Amino acid sequence: VVLNTCAIRENANDKVYGYLGRCKHLKKIKKDLIICISGCLMQEPHEIEEIKNRHQYIDIIVGTHNLSDLPQMIIEANEKNMQKIEVFSNSDIVFENVKYNRDSKISAWINIIYGCDKFCTYCIVPYTRGKQRSRKSSDIMHEVEDLIKKGYKEITLLGQNVNAYGKDLYDDYNLANLLEDVAKLGIPRVRFTTSHPWDFTDSMIEVIAKYPNIMPHVHLPVQSGSSKVLKLMGRRYTRESYLELFNKIKKIVPGVSISTDIIVGFPGEDEDDFKETLSLVEYCKYDNAFTFVFSVRSGTPAEKLKDNTPLKEKEDRLQRLNEVVNKYFLENNKKLEGTTLDVLVEGVSSKKNMYYGYSETNKLINFSSREELEIGSIVPVKITSAKTWSLDGELNG
Ligand code: SAH
Ligand code: SF4
């Protein structure tokens, strides 16, 4: 059993310890079971101590910077019956030639940049994932070529902050260049996530607009609509400069969908700041949004900020925010009723003659088809009805 952990918010932490109880029980039934715990939580020294002291039945602890050692560690754990811990704090390494077992045969995630140098004051990622380091563009291109040969139809270039791509490696090669080079390889769909607004350049916007196989969807986390709170968060942009970028992307990339992440209840956020977030959402009318209550992470600068807002009030803000974001998801989806969208068929639903897949703008579509469809084909689907988080449709064959 491999538990790959996340440390981004407190409830992700809690889940891990919940699972560990189940693992301990399994180990009693199956003596030769090997249990491994990996991921961001294991880059935090106090969490390693906790596992060492209170969960000695865990066989392997491996960090994010040496994950590629895991196969060898499993072989060793099989031979020796002792807890093995290998966590590097140094993060200069860029994995290459890792053999991935990908779940999907049509859509693949490709890491292009590891770590993050932004140090937003609430965020644990720079500490658990280490400093920003890009993969060489030639390695990425080879990986994409290989995936194309294997029949993949979609790739998503992945990083905590993809548009910082190349800054640590090249003087004159960035995400815009990489997107263009990958698009030219001819794979039907290219996506990228996540974009930090601060690094989003005009040339990136132009490249997205220029290539029909770069999907018109941008995940552009805003976090807050208040410039005061953004400053406390260390986000390096203001409400005004975010909106300027938002408007530019909307103007230059036809039909683009924009999604976001928002945190409520950051220390120092008062009711007026929160209302600024609501008014920004009213303006941006996002196609999708992931919303969170601020969760204090140990060792981050935000841990030391004064926080006078009771949790109950923060949860209330989250609910009010969710009502507004949901309203726009539905409103935007309703506008698509009667239109025909290209859908990459990802799977068959449990209902007869029903399939599902995603539009170019990343909308989930459940649709019927009388003819049998190949998974991985791109088909035109007529939208018959809109829901908040998905669309229903029928094949327009
Ligand atoms: N690198 C991306 C996102 C990383 S984490 C970016 O910069 O946008 C995904 C989302 O989790 C963040 O966008 C943020 O909204 C949320 N998040 C991160 N740390 C958090 C914390 N301490 N409390 C609540 N939400 C947090
Ligand atoms: Fe965290 Fe994203 Fe900020 Fe990096 S850019 S510190 S990953 S929120």
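Helix 6, spanning residues 175–184, is mostly covered, with seven of its ten residues buried; buried means under 20% relative accessible area, exposed over 50%, and partly exposed in between (1.4 Å probe, protein chains only). Helices (H or I, at least four residues) and strands (E, at least two) are DSSP runs, numbered from the N terminus. The structure is a predicted model, in which local features need pLDDT of at least 70, side-chain atom pairs count only at pLDDT 80 or more, and totals for chains, interfaces and linings use all residues. Residues are numbered from 1 along each chain as its sequence is written, chains are lettered from A and ligands numbered from 1 in the order in which they are written, and side-chain values use heavy atoms, with hydrogens and water left out.

The buried residues of helix 6 are Leu-175, Ala-176, Leu-178, Leu-179, Glu-180, Val-182 and Ala-183. Their cover includes helix 5 (137–149), strand 8 (154–158), strand 9 (189–193) and helix 7 (202–210), where contact means heavy atoms within 4.5 Å.

Strand 17 pairs with strand 15 (residues 364–368) in parallel through four bridges, two strands being paired if DSSP finds at least two bridges between them. In this pairing, Phe-367 stands opposite Gly-393 of strand 17. Strand 16 (residues 378–386) runs antiparallel to strand 17, and five bridges join them. Here Ser-385 stands opposite Asp-392 of strand 17, and a hairpin of four residues links strand 16 to strand 17.

Stepping back to the whole chain, eleven helices and 17 strands are found. A compact globule of 397 residues would have a radius of gyration near 21 Å, and the 22 Å of the chain agrees with this; the radius is taken over C-alpha atoms, and the globule rule is 2.2 Å times the number of residues to the power 0.38. Along the principal axes, the C-alpha atoms fill a box of roughly 60 × 55 × 50 Å. Buried residues make up 50% of the 397 residues. Among contacts between residues at least 6 apart in sequence, 72% join residues at least 24 apart.
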